[in-house]
Amino acid sequence: MPELEIEEPKEELAPKKKGCLGCSFPLAIGLTVVCLVLFLIGLASGPIGKGLFGDIGLPAWISVPQPRPELPTEAIFHIGSFPIANSVIATWLTIIVLVGFSFAVSRRLRLVPRRWQALLEFALESLLKFCQSVAGEKNGRRFFPIVATIFLFVAFNSWLSLLPGFGSIIAHTAHGEAHLLRGANTDINTPLALALVSFVFVEYFGLRDLGIRYLGKFINVGGFLASVGLIVRGKVKAGVSGLFAGVINMFIGILEGLSELIRILSFTFRLFGNMTAGEILLAVALFLVPWLFALPFYGLELLVGFIQALIFGGLTLIFLTVAVTTHHE
C-alpha cells in the first residue's frame, strides 16, 4: 500500500511588534509630545523662560518660589525646654519606615520568599557579604549589625527627603511659619551623631579585642623611656640613638590619636556637605525650570544617597577592621 504522507501543520510565527522601548509608536510619540509640552510650560514659567520670552500669562501656581536655603534647622514644637526641629521629625519618619517595613516583612516569613521578603533578604545578604569580604568571616558577622544600620539609616534619610512634602509643607509654630520636614542628613547634628556612634564602636572593639595594647599606638613611650634608661646606665651612644627613635614614635602616636578624632570631622562634613549641596541643587533646578527639568537630578540624588551611605558604612567597617588588628598583622 502506498504510504500516506502526513503534512505537519506549520506554526504561524507571531508578527513582531514594532515600537520603541516596548511601547507602540503612537504611545511613544504621545508620551514624547506630553513630556515636550510639560518641559516647554516649565521653561516658560521659570525665570529662564521669562527672561527669554517675557511673561506669557501662565497661572501663578505653575511657578516655583525662589529657594532660600538655610543651614540652621527650624523648631516645630518643644518637649519641655527641648526644641524638636524639622530634621528630627524626618529622622523619626526614617526610623518608623525602617522598623515598620522590617516588621511587616519578617512577621510572616516564607521558605520561598515573596517580593518584599526577597528584596529585604537580598539587601541584608549583600551587606553581610560585603562585611565578610573586608573583615573576614568572624569579624564580618560581628560588625554587620553596626555597618548595616548605618548604611540603611543614611540611605533612607537621603531617599525619603526626595519625597513630596519635604521643604513644601508649612507648619505654624510659636515663632511663625516653618517647614515641617527637612532632610535629616542636611542637619549637621545628624551626621555628627552618626560619626560619634562610629567612633565609639571603633574604640570599643579595639579595646575589647586588644585590651591595653590598643592604647599603645597612641601612647608609645616605651622606646623613649628605654633610651633614657640606657643613658642613665652609662650607655650614652646607644641611648642617644634610641632616644631619637623614641621621640619619633611618640610623635607618631600623637598623630594616630589626632587621626582618630579627625575622622569624626571628616565623616560629619562629608555627609553633611554632599547632602546639603544636593538639596540646594534640586531646589535651584526646580526653580529655574519647574517640574520636569528636575527629574534627572532626582535620579542623581538617589545615586548620591546610596554612594554616601556606602562610603559611611564602608569606612566604618574598615576602621573597625583596623582597630581589632594588631600592629604586626
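## Close-up views of helix packing and salt bridges

**View 1. Helices α6 and α9 are roughly parallel to each other.** Their axes come within 8 Å and cross at roughly 20°; an angle under 35 degrees counts as roughly parallel, over 145 as roughly antiparallel, 65 to 115 as roughly perpendicular and the rest as oblique. The crossing of α6 and α9 is right-handed, a term for a near helix turned clockwise from the far one by less than a right angle, with anticlockwise giving left-handed. On the α6 side, P191, L194, A195, S198, F201, V202, F205, G206 and L210 make the contact. On the α9 side, the residues are F312, T316, F319, L320 and A323. By class, the contact of α6 with α9 has eleven nonpolar, three polar and no charged residues.

**Notes for all views.** This is a predicted model, where local features need pLDDT of at least 70 and side-chain atom pairs count only at pLDDT 80 or more, while totals for chains, interfaces and linings use all residues. Residues are numbered from 1 along each chain as its sequence is written, and side-chain values use heavy atoms, with hydrogens and water left out. Helices are DSSP runs (H or I, at least four residues), and strands are E runs of at least two, numbered from the N terminus. Axes are lines fitted to C-alpha atoms, for helices over the stretch in contact, with angles from 0 to 180 degrees between N-to-C directions. Contact means heavy atoms within 4.5 Å. Ala, Val, Leu, Ile, Met, Phe, Trp, Tyr, Cys and Pro count as nonpolar, Asp, Glu, Lys and Arg as charged, and the others, Gly among them, as polar.

**View 2. Helices α5 and α9 are roughly antiparallel to each other.** The axes of α5 (residues 137–160) and α9 (residues 295–323) come within 8 Å and cross at roughly 160°. This crossing is right-handed. From α5, the contact includes F143, V147, I150 and F151. Among its α9 residues are L302, G305, F306 and Q308. The contact of α5 with α9 has 14 nonpolar, six polar and no charged residues.

**View 3. W159 sits in helix α5.** W159 is partly exposed, at 28% relative accessibility (buried is under 20% relative accessible area, exposed over 50%, partly exposed in between; 1.4 Å probe, protein chains only). Beyond its neighbours within four places in sequence, W159 contacts L302, G305 and F306. G183 is 24 residues from W159 in sequence; their C-alpha atoms are 8.9 Å apart.

**View 4. R142 forms a salt bridge with D209.** Their closest N and O atoms are 2.7 Å apart. A salt bridge is a side-chain nitrogen of Lys or Arg within 4 Å of a carboxyl oxygen of Asp or Glu. By this rule the count comes to five. R142 is partly exposed at 24%, and D209 is partly exposed at 30%.

**View 5. K217 forms a salt bridge with E260.** The closest N and O atoms are 3.9 Å apart. K217 lies in the loop between α6 and α7 (222–232) and E260 in helix α8 (residues 236–288), so the pair ties together parts 43 residues apart in sequence. K217 is partly exposed at 27%, whereas E260 is buried at 4%. Salt bridges that share partners join K217, E260 and R263 into one network.

**View 6. E125 forms a salt bridge with K129.** Their closest N and O atoms are 3.5 Å apart. Both residues lie in helix α4 (residues 115–135), four residues apart, about one turn of the helix. E125 is partly exposed at 44%; K129 is exposed at 52%.
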